[in-house]
Amino acid sequence: AYLPTSRQEVLQDRLAHFGGNLRLTYDEPVMLVRGWRHHLFDEWGRPFLDAYNNVPHVGHAHPRIQAIATDQLGRVNTNTRYLHPAQTAFANKLQSKLPDPLQVCFFVNSGSEANELALRLARAHSGAKGIVTPDHGYHGNTTGAIDISAYKFNAPGGTGPSDWVELVEVADDYRGRFRRDDPERARKFANLVDPTIAALQAKGHGLAGFIAETFPSVGGQIIPPAGYLPAVYDKVRAAGGVCIADEVQTGLGRLGEHYFGFEQQGAVPDIVVLGKPIGNGHPIGVVVTTRAIADSFAQGPEFFSTFGGSTLSCRVGKEVLDIVDDEGLQDNAQRMGARLIDGLRQIERDFTCVGDVRGLGLFLGVELVNPDRSEATEICAYVKNRMRDHRILIGSEGPKDNILKIRPPLTIEAEDVDMILVTLRGILGEVGDYAPPATCDHTHHHGGCGCC
Ligand code: PMP
C-alpha cells in the first residue's frame, strides 16, 4: 500500500529494529500522534474514531490523569516498602467495587505479571500445580502466562501445551458443541471441566485452579450462557482448586450493567486479575484475593515489585476508578452499548454474512459467516480494513479471526455509535462485490468471492 514518506520511514525503522513477530493492525498501518477522549489523530491531523482500544478507558489524554501524574511526579515516586496514603486509598477504592471476600491487593505492572502472580497464589493455596483453562484464551506474554494461553501456545510456531495445563472447550453457544436451543447448555459446558480435573489428578499435578477471561475475548467476544461460571467454580472448589477471573478486558464498568464480568454470571471468584484499563495507559496490574489465599502465599518468600504499586501508579489507578464514577461512564457504557447492539441487530437482519451479534455494554462481537455458517475470515479482514479506510478503528478476534471486535473507550457518544453503524452497513453492502485476495486458494468458501 502507498504510505506517506514519514510513515514509510517509521515503518522501515521499525522493520530494522523490532522483531518480525510484532504485528501491525490494518493492511495500511496507521500512525497516531494525538488522542482526545475516543478520538485519535494521525500525523496529518486527520481524526479516527477509536472503537477498539480498552486501555484509554476514560478516554485518551484525560486532563485529570495528566494533572494527577504531573502532580505526583513533582512530589515523589517511590515503592510499597514505604507508607503512603495513595497506596491504601487505591486499595480501598478497589475494595469498594468488589465483593467482601476479595480484600487483599497486590500491585504489579501489567496484566501478564498479574496473571503470573495469580498462578503463584493459586499454587501456594492449593498445594497443587495443575490449571484448567478455556481453549483460545489469552493471559499475557510471560513464560507462565503463555503456558495458560492456548491462543499463543497452540499458534503456529508456538511452544505447545504444558503437561500441567488442561484445556476445556470455550462456552460458546453460537458455535460450540452446545447451542442456544439447548436450555441445559450452561451445565453441559460446565460438565466438560470434570474430565480435565480428573486428567490433572491422574497425572499427579492435582488442581491449583481454573483461570478464564470472564468473557473470552480473543476466543471471539463470547458471553457464556447464564449459570456457566458458578457451575464451573463449584466443581473447581470441590476439587480443592482456586477460581481466577481475568477481568483485564471486562472489568471496571465496561459491561454497563455490571462493574465486573463475574457479577453478570452471579459468581464470586477467589482471585481477580485487573490490568490494561486500570491505568488508562499507565502500566498497572492488580491482583485482588481473599485473606486466606494471601495468608497461604505469605508463608513463602516476601513478595515485592519495584514499580508495582508505585506512588504514581496508585494515584493514577485510583483516579481512573474515580473518573468512571464521577463521569457516569459505566452508565454511558450501558446506554451506548444498548444503542450499538440494537443497531447491530438490525444489520444482522439485513446481511446474511452477519451470523451473530453478541456482547454487553461496550464489549461487543459481530460474527461474520459464509452461507454454510463457516467462519468468514476474509470478509472479516475486508470489513475491518475498510472501516479503517473510513477512519473507524475496530478489531477482529476468534480462532478463525472472523469476529469483528468493538470495544471503545467508555466516553463514546451516540453520534459516534451511529457513525459506526452507518459505516458498517455501507461496507457490508460492498461485500457482495467483494473480490478475493490474489492468494485465494479456493478452499475457504468465503462467499461473495465469486471463485470458490
Ligand atoms: N489478560 C487479558 C484478558 C488480556 O487481554 C491481556 C492483554 N491483551 C493480558 C491479560 C495481558 O496484559 P498485558 O499485555 O498488560 O501484560
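Reader: Which residue stands opposite His39 in strand 3?

Author: Strands of a sheet pair through backbone hydrogen bonds, either parallel or antiparallel. Here His39 stands opposite Leu49 in strand 3. The model is a predicted one, in which local features need pLDDT of at least 70, side-chain atom pairs count only at pLDDT 80 or more, and totals for chains, interfaces and linings use all residues. Residues are numbered from 1 along each chain as its sequence is written.

Reader: In which sense do strand 2 and strand 3 pair?

Author: Two strands pair if DSSP finds at least two bridges between them. Helices (H or I, at least four residues) and strands (E, at least two) are DSSP runs, numbered from the N terminus. Strand 2 (residues 39-42) and strand 3 (residues 47-50) are antiparallel, with three bridges.

Reader: What is the strand order of the open sheet of four strands?

Author: The order is 1-2-3-13, and the pairing is mixed. Strand 1 (32-36) and strand 13 (392-393) are at the edges with a single partner strand each, so one side of each has no neighbour in the sheet.

Reader: Is His136 buried or exposed?

Author: His136 is buried, with 23 other C-beta atoms within 10 Å. His136 is in the loop between strand 5 (130-134) and helix 5 (143-147). Its phi is positive, about 65°, although His136 is not a glycine.

Reader: How many residues lie between strand 11 and strand 12 in their hairpin?

Author: There are two residues between them, and Gly361 in the turn has a positive phi of about 55°. Six bridges join the antiparallel strands 11 and 12. Val354 has Leu368 in strand 12 as its bridge partner. As for burial, seven of the seven residues of strand 11 are buried.

Reader: Which residues of helix 3 are buried?

Author: An α-helix has 3.6 residues a turn, so residues three or four places apart point the same way. In helix 3 the buried residues are Ala86, Gln87, Phe90, Ala91 and Leu94. They are on the same side of helix 3 because they cover an arc of only 135° around the axis (the arc is that of the directions from the helix axis to the C-beta atoms). Pro85, Asn92 and Ser96, on the other side of helix 3, are exposed.

Reader: What do the buried residues of helix 3 pack against?

Author: They pack against strand 4 (104-108), strand 10 (285-289) and helix 12 (311-326). Two residues are in contact if their C-beta atoms, placed from the backbone, lie within 7 Å.

Reader: Is Ala414 buried or exposed?

Author: Ala414, in helix 15, counts as exposed with 12 C-beta neighbours inside 10 Å. Not counting residues up to four places away in sequence, Ala414 touches Met336 and Arg339.

Reader: Which residues does Ala118 touch?

Author: Ala118 is in helix 4 and is buried, with 32 other C-beta atoms within 10 Å. Not counting residues up to four places away in sequence, Ala118 touches Ile211, Ile244, Ile271, Val273 and Val287.

Reader: Which helix gives the most to the shell around the ligand?

Author: A residue is near a molecule or strand if its C-beta atom, placed from the backbone, lies within 6 Å of it. Helix 4 (residues 111-126) gives the most, with three residues. Of the 15 residues around the ligand, Ser110, Gly111, Ser112, Gly140 and Val248 come nearest.

Note on methods. Buried ≥ 20, exposed ≤ 12 C-beta atoms within 10 Å, placed from the backbone.
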